[in-house]
Amino acid sequence: MRKYISYAKTVKPVLSTDALKRLSDFYLAMRAASETEGSPVAITARQLESLVRCSEARARVALKKEVSGEDAEAAIAIMKRSLEEVGIDVSSYKMDIDLIMTGKPKSVRDKMQVVLSALMQMEKETGMVEKALLVSELESKYKVSRAESERILTQLLREGTIYEPREDCLKKT
């Protein structure tokens, strides 16, 4: 086994045109899915690089000099499975690579931005913003539910993006 692993490390497979075409077709199809404005990014160049490395690793294990289309398809299947398990935004059911990269799907980041902008707007007028007033403003004007507003505000408080100078009053940090 040690001799096999040692020899396999010396094998440097190159991408065949078939493998290159399959990987690029998959990448372009995934990028096309995220071209509409407001949709999350489904795949990045970093994931394309990992697809190439996985394909090369599969060929290396088989001691091949060239990465075949089958090797590329196996890497694509692994990537699809991974994205399906951890890269899907549960609110929109779309693949969102931001969920893996930042821990927050695009839809949550967008709602957080709405809450922050509403807070900053109200803060310009009054200096400090009453939490109840902000929640009702978000509910009526921005169609963000009361429960969701409370959850987002709690998260922003925990992160330190906003703070409570006194009870039930909020300010942006």
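Setting aside residues up to four places away in sequence, Glu 123 is in contact with Val 129, Lys 171 and Lys 172 (contact means heavy atoms within 4.5 Å). This is a predicted model, where local features need pLDDT of at least 70 and side-chain atom pairs count only at pLDDT 80 or more, while totals for chains, interfaces and linings use all residues. Numbering starts from 1 along each chain as its sequence is written, and side-chain values use heavy atoms, with hydrogens and water left out.

**The chain as a whole**

- You're looking at eight helices and seven strands, taken as DSSP runs numbered from the N terminus (helices are H or I with at least four residues, strands E with at least two).
- Of the chain's 173 residues, 34% come out as buried (under 20% relative accessible area; exposed is over 50% and partly exposed is in between, with a 1.4 Å probe and protein chains only).
- Take the contacts with a separation of 6 or more: 55% of them are between residues 24 or more positions apart.

**How α6 meets α7**

- Helix α6 covers residues 106–126 and helix α7 covers 131–141; their axes come within 10 Å and cross at roughly 125°. Axes here are lines fitted to C-alpha atoms, for helices over the stretch in contact, with angles from 0 to 180 degrees between N-to-C directions.
- That angle makes α6 oblique to α7, oblique being what's left after roughly parallel (under 35 degrees), roughly antiparallel (over 145) and roughly perpendicular (65 to 115).
- The crossing of α6 past α7 is right-handed, in the sense that the near helix is turned clockwise from the far one by less than a right angle.
- On the α6 side, the contact is made by Val 114, Val 115, Ala 118, Leu 119 and Met 122, and on the α7 side by Leu 133, Leu 134, Glu 137 and Leu 138.
- Sort those residues by type and you get eight nonpolar, no polar and one charged. In this scheme Ala, Val, Leu, Ile, Met, Phe, Trp, Tyr, Cys and Pro are nonpolar, Asp, Glu, Lys and Arg are charged, and the others, Gly among them, are polar.

- Lys 111 and Glu 148 pair up through their side chains at 2.8 Å, N to O. Lys 111 sits in helix α6 and Glu 148 in helix α8 (residues 146–159), so this pair links distant parts of the chain, 37 residues apart.
- Lys 111 is partly exposed, at 31% relative accessibility. Beyond residues up to four places away in sequence, Lys 111 touches Glu 148 and Ile 152.
- Since Glu 123 lies in helix α6 and Lys 171 in strand β7 (residues 169–172), the pair ties together parts 48 residues apart in sequence.
- Glu 123 is buried with a relative accessible area of 16%, whereas Lys 171 counts as partly exposed at 23%.

**Other charged pairings**

- Asp 71 has a salt bridge with Lys 64, and their closest N and O atoms are 3.1 Å apart.
- Asp 71 counts as buried at 0% relative accessibility, while Lys 64 is partly exposed with a relative accessible area of 26%.
- Asp 18, Arg 22 and Glu 73 are joined in a network of salt bridges.

**Positive phi in two loops**

- Some background for this pair of entries: most residues other than glycine have a negative phi.
- Leu 63 isn't a glycine, yet its phi is positive, at about 60°. Leu 63 is in the loop between α3 (45–61) and β2 (66–67), and is partly exposed at 34% relative accessibility.
- Asp 168 also has a positive phi, about 65°, without being a glycine. Asp 168 is in the loop between β6 (162–163) and β7, and is partly exposed with a relative accessible area of 44%.

Note on methods: Salt bridge = Lys/Arg side-chain N within 4 Å of Asp/Glu carboxyl O.
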